[in-house]
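Please read them with the structure open.

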Amino acid sequence: MKTDEVRHYLKTGKHIKKCCKDGEIGIIQSEIGDARIRFVYTVRSGTIYILTIEE
């Protein structure tokens, strides 16, 4: 996946679980046709870190 594609999926995805504090884990799900991509992420000091990408 290219950086632009990841950015688009993160912006258009639906929050399944939001982070409220630094260090908590959140999930964003984006649908592409029949396929689903889930981004498991955490936020620390205002920076998002993607932990895993699941299909």
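This is a predicted model: local features need pLDDT of at least 70, side-chain atom pairs count only at pLDDT 80 or more; totals for chains, interfaces and linings use all residues.

1. Glu-31 and Arg-36 form a salt bridge, with 3.5 Å between the closest N and O atoms. Glu-31 counts as exposed because its relative accessibility is 53%, over the 50% cut-off.

2. The search of the whole structure gives 2 salt bridges. Besides the pair of Glu-31 and Arg-36, there is one between Asp-4 and Arg-7, where the closest N and O atoms are 3.6 Å apart.

3. Asp-4 and Arg-7 both belong to helix 1, which covers residues 3–12. They are 3 residues apart, about one turn of the helix. Asp-4 is exposed, at 55% relative accessibility. Arg-7 has a value of 44% and is therefore classed as partly exposed, the class between 20% and 50%.

4. Is Ser-30 buried or exposed? Its relative accessible area is 4%, so Ser-30 is buried, the cut-off being under 20%. Ser-30 sits in strand 2, residues 25–32.

5. Which residues does Ser-30 touch, leaving aside its neighbours within four places in sequence? The contacts are Tyr-9, Thr-12, Gly-13, Ala-35, Arg-36 and Ile-37. Of these, Arg-36 is also the salt-bridge partner of Glu-31. Ile-53 is 23 residues away from Ser-30 along the chain, and the two C-alpha atoms are separated by 11 Å.

6. The sheet is open and has 4 strands in the order 1-2-3-4, with antiparallel pairing. Strand 1 (14–17) and strand 4 (47–54) are at the edges; each has a single partner strand, so one side of each has no neighbour in the sheet. From one strand to the next, the twist averages 35 degrees.

7. The pairing of strand 3 (residues 35–44) with strand 4 is antiparallel and runs over 7 bridges. One point to check on the display is Val-43, whose bridge partner in strand 4 is Ile-48.

8. How does helix 1 lie relative to the strands? Helix 1 lies across strand 1, strand 2, strand 3 and strand 4. Relative to strand 2, helix 1 runs at about 105 degrees.

How values were computed: Residues are numbered from 1 along each chain as its sequence is written. Side-chain values use heavy atoms; hydrogens and water are left out. Helices (H or I, at least four residues) and strands (E, at least two) are DSSP runs, numbered from the N terminus. Buried means under 20% relative accessible area, exposed over 50%, partly exposed in between (1.4 Å probe, protein chains only). Contact means heavy atoms within 4.5 Å. A salt bridge is a side-chain nitrogen of Lys or Arg within 4 Å of a carboxyl oxygen of Asp or Glu. Two strands pair if DSSP finds at least two bridges between them. Axes are lines fitted to C-alpha atoms, for helices over the stretch in contact, and angles run from 0 to 180 degrees between N-to-C directions.
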